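This briefing concerns a metal site and an annotated position. Please consult the sequence and the model alongside the text.

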Amino acid sequence: MKHRVHVTVLLFVMIVLILPAETVFASFVQEGTITPDSEQVKNIIYMIPDGYSASYATNYRIYKGEEEPIWDPHLVGMVKTHSADSWVTDSAAAGTALATGTKTSNGTIGMSTEGEELESILQAAGKQKKGTGIVVTTRLTHATPAAFVASVPLRIDEAKIAPQMIGQVDVLLGGGKKMFVPEAEGGMQNSRHLLNEAEDAGYALIETKEELQNVNSAKVLGLFSEGALAPELDRQGTQEPSLAEMTEAALHTLKQNPNGFFLMVEGSQIDWAGHDNDAAWAMKDIEAFEEAVSVAFDFAEKDGNTLVVVVGDHDTGGLSVGAYGQYKAKPDMLKQVKATGKFIASQVNKRRTNLADVMKTYTGFELTKKELKQIKKADHLTNAINQVISRRALIGWTTPVHTGTDIPIYAFGPCSDRLHGLLDNTDIPLILADVMDLEWEKAS
Ligand SMILES: [Zn+2]
């Protein structure tokens with residue numbers, strides 16, 4: 001018996017001596033005994049196109065034309081989105097799942113169905129002295145960004161969400177200034193002045209694109225609008241930065257942290273376009289989101305230690321590729337639409353006598369008699385305009401809210417192979433925490 005042990009040990013020593021070190025090392029790795037450094041990343045950029053599903057992906061590919069969308073070669077799987085209490089999630093429960101790895105009820109931010117407060121992956125990264133950032137085109141206190149920092153039973157309590165953001169996140173860029181200002185100054189806070197509090201806490205406060213480009217501070221609070229930022233189609237003429245410009249500025253600041261960073265970037269208004277069944281707004285905001293993803297991919301490529309994940313939180317609108325009984329799809333015609341349905345409606349006079357002219361100006365096409373009649377007699381002008389435009393693009397919509405369809409997920413950079421197959425939305429932050437080697441109660 002003793003003799004046999006000796007022979008085994010001898011054989012092992014011989015194998016180690018004969019085989020190249022890499023081969024022996026690899027056999028240990030396969031068995032999971034050693035985790036090489038290449039299995040970890042320093043930085044994560046978590047990019048969420050709110051409301052974007054597979055049918056948005058297909059329509060956008062056709063809309064874009066020759067060059068494929070930047071994320072197409074990096075598709076790694078699909079994601080289930082249901083919440084704890086419904087097959088059709090809202091953005092609060094979906095954001096909570098993507099941020100904390102726990103399913104909760106629709107309407108709830110950062111809390112379990114039992115009412116316990118949940119720590120998010122961003123908060124865990126902050127505790128580990130990593131830089132943290134949130135970049136959105138909605139109010140910073142809106143459901144998706146809120147889920148990464150706040151815990152409130154009701155998503156509509158945005159005035160309660162705002163104070164939870166200051167101090168917890170190094171870089172905050174987006175809209176919703178009124179949520180940070182006291183009522184006496186036209187804001188939504190009872191008495192607190194969160195902008196003053198932020199300044200005292202060392203944040204640089206900025207409000208314009210120019211200030212964003214010149215900012216030089218480790219902590220930044222950029223509020224570029226009282227409410228949400230303008231839809232990309234209507235942004236010209238404002239002082240607001242694009243999502244890509246905000247992403248670039250956030251990365252410029254966060255990369256200075258020697259411990260790495262966690263940045264969440266939301267293409268917030270793809271969802272709002274979906275709620276309005278506004279196909280042109282949806283495509284244009286996906287384009288703006290793609291520019292931000294391009295900034296993130298460039299950064300990750302140069303850095304070599306950054307993982308970029310692109311995943312929507314749910315589908316909005318249940319749109320289709322092709323519709324109305326035709327074997328055709330024409331989302332590319334939406335490129336000629338120069339404003340959102342909401343904006344176009346605002347340009348139509350009360351008696352709707354200038355309808356044909358306004359539509360020609362902003363959509364590039366002449367209304368047929370039937371379309372003109374349909375819009376003129378409609379109760380809801382914006383909806384009617386959006387319906388006519390979607391019909392021209394052969395895009396169908398099935399609902400003004402969300403649907404429960406699965407969502408594509410894309411990953412770029414080291415460890416991107418860790419996200420693959422059919423995932424649940426709650427799996428994603430756990431995998432990200434693992435590849436970033438975060439000490440996170442949820443992940444352990
Ligand atoms: Zn929504």
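At which residue does UniProt place the feature "active site"? The unreviewed UniProt entry places this feature at Ser91; UniProt positions follow the numbering used here, feature names are shortened, and annotations may be inferred rather than shown by experiment.

This is a predicted model, in which local features need pLDDT of at least 70 and side-chain atom pairs count only at pLDDT 80 or more, while totals for chains, interfaces and linings use all residues. Residues are numbered from 1 along each chain as its sequence is written, and side-chain values use heavy atoms, with hydrogens and water left out.

**The annotated residue**

- Ser91 lies in helix H4 (residues 91-100); helices are DSSP runs of H or I with at least four residues, numbered from the N terminus.
- With a relative accessible area of 1%, Ser91 is buried (under 20%; exposed is over 50% and partly exposed in between, with a 1.4 Å probe and protein chains only).
- Beyond its neighbours within four places in sequence, Ser91 is in contact with residues including Asp50, Arg155, Asp313 and His402 (heavy atoms within 4.5 Å).

**The zinc site**

- His402, a contact of Ser91, also donates to the zinc ion through NE2.
- Along the chain, the donors follow the spacing D-x3-H-x126-H.
- Asp271 and His275 both belong to helix H11 (residues 269-275), 4 residues apart, about one turn of the helix.
- Asp271 is buried at 4% relative accessibility, whereas His275 is partly exposed at 28%.

Note on methods:
Donors = N, O, S within 2.8 Å, 3.2 Å for Na, K, Ca; no water. Helix = DSSP H or I, 4+ residues; strand = E, 2+ residues; numbered from the N terminus.
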